[in-house]
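User: I have a fold to go through with you. Can we start with the helices and then do the sheets?

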Amino acid sequence: ALLEVAKTDKPVSQLIREALEAPVGTPPLADLAKGKKNVVIAIDDLTRPTPRRTILTSVVDFLNEQGVDDNRIDVLIALGTHQPMAEDEITNCYGHDLCSRVRFTNHDCRAHDLVSVGTLPFSGEVLVNRMFTSADLRIAVGSIVPHPWNGFGGGAKAVHPGLAGWETIKRHHLALTAAKGVTFGNIVDNPFHTEVYEGGRLAGLDFIVNAVYDADEDVKAIVAGHFEKAYRFGASLCEDELGVRFDRAADVTVVSSFPYENGPQIMKPLGTATMVTKKGGTVILYADRILGGRFPTFMLEAFGEALSLAQGDPRRLALDFMSRGQLIAPEAPMDVNSAINNTLLYLSRVHVVLVSKCADAEQAARLGFEYADSLEDAVARVSRNIPGATVNILPAGGLILPLVVEDMRFDC
């Protein structure tokens, strides 16, 4: 099957305005903003493709029109457990004008003043950023893209895990990453997503503004409104735009890491590729852009430690640590641990060849991969090992949603 890209002829600013004025599942934002003294906008960090400056400027301008002055608006960068954005990164991302108008704050998942908003079966006590819970109006900005655990990104993920505490996120991720129903594109009977939704509800998330993309990473639509109803509408648009049907698995899948550049995020397209590759087959991962020009040292060290512990059985190691609620690499960030767990599960099914000018054979080996310095070399090598192989090609591994037949599905 081929993924055909159809462009919208509307500018993003117009899409945003239309979505704010006709939201899904809530009154218009103008009604919600009336009389509000304190508005907090949660927004994702640089690991997502969100057109942050355009959306945030549009939302702030819209709130101004409703009588909410700039000095009553705070922007919380929903980092989850990611590294905080430096001041110059924030300025480069949002521009001097917007940074002079509203306050920007990095969420701290280890802050001592996080607020308990309730308890969930797997996440346990849900601790959330105090600034967010104390606001009169709580808005989240993000992106709806295929996600390996939540089905799709966006929606209430800006709150849980985006604004949650370290232990809340750790419990949630370790308990549910490998649970039944947790996979790309599934938000029905998906326990990972259910707890994300409940986290947003408990924290009082009022309104979302989320972008939907085409396979070129251009914005196709903006959805706004209720954090679950508008999100589900956006997820259906995402599936229509990025969904590709596969009726059989291939011997080899060639996948680009696009649009991901951050080290741990680059592992996500391995999931979509593994879904459409035969067990025992090969995935060629093409990562032409890696933030900083190489995989982070701490990530390579954590992966190396995990592979040493695995002793040739990566699946056993990942499931064992997750079942005990323990991190394989406790000194590494949560996103690295999540990448480790998923990569170990993928490596139990497929062989991976990394192609990247930003890496080398030593880095690839520490990730559990072989290395090739060009696609031509990788293809030639695999062709010798699997003559006459069937092949899938995924040009944008982070912006494709494989729609697979039942006998292609597998449990972790």
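User: What span should helix α7 (residues 191-203) have, and what do its end atoms give?

Analyst: At 1.5 Å a residue, the 13 residues of α7 should span 18 Å, and the end C-alpha atoms are 18 Å apart, which agrees. The expected span is 1.5 Å times one less than the number of residues. Helices (H or I, at least four residues) and strands (E, at least two) are DSSP runs, numbered from the N terminus.

User: What are the ground rules here?

Analyst: This is a predicted model: local features need pLDDT of at least 70, side-chain atom pairs count only at pLDDT 80 or more, and totals for chains, interfaces and linings use all residues. Residues are numbered from 1 along each chain as its sequence is written, and side-chain values use heavy atoms, with hydrogens and water left out.

User: Back to α7. Which of its residues are buried?

Analyst: F192, H193, E195, V196, E198, G199, G200 and A203. Buried means under 20% relative accessible area, exposed over 50%, and partly exposed in between (1.4 Å probe, protein chains only).

User: What covers them?

Analyst: The cover includes β4 (115-120), β5 (124-128), α5 (130-133), β6 (137-144), α6 (166-176) and α8 (229-242). Contact here means heavy atoms within 4.5 Å.

User: Why does E198 count as buried?

Analyst: Its relative accessibility is 19%, so E198 counts as buried. E198 sits in α7. From L120 it is 78 residues away in sequence, but 7.8 Å in space, C-alpha to C-alpha.

User: What happens at the start of α7, and what just after it?

Analyst: At the start, a side-chain oxygen of N190 comes to within 3.0 Å of the backbone nitrogen of F192. A polar contact is a pair of N or O atoms within 3.5 Å; within protein, one must be able to donate a hydrogen and the other to accept it, and residues adjacent in sequence count only if both atoms are side-chain atoms. Just after the helix, G204 has a positive phi of about 80°.

User: On to β6. Is it buried or exposed?

Analyst: Buried. Eight of its eight residues are buried, so β6 is largely enclosed by the rest of the structure.

User: Which strands does it pair with?

Analyst: Strand β1 (residues 39-43) runs parallel to β6, joined by five bridges. Strand β9 (residues 207-213) also pairs with β6 in the parallel sense, over six bridges. Two strands pair if DSSP finds at least two bridges between them.

User: Switching topic. How many aromatic pairs are there?

Analyst: Three in the whole structure. One of them is Y94 with F104, a tilted pair at 4.7 Å centre to centre and 40° between the planes. Y94 is in helix α4 (residues 87-101) and F104 in strand β3 (residues 103-106), 10 residues apart. Rings of Phe, Tyr and Trp (its six-membered ring) pair if their centres lie within 6.5 Å; planes under 30 degrees apart count as stacked, over 60 as edge-to-face and the rest as tilted.

User: How many bridges hold β16 to β12?

Analyst: Four, between β16 and β12 (residues 250-256), in the parallel sense. V254 has I393 as its bridge partner, and V252 has V391.

User: Which face of β16 is covered?

Analyst: The one with N392 and L394; V391 and I393 form the uncovered face.
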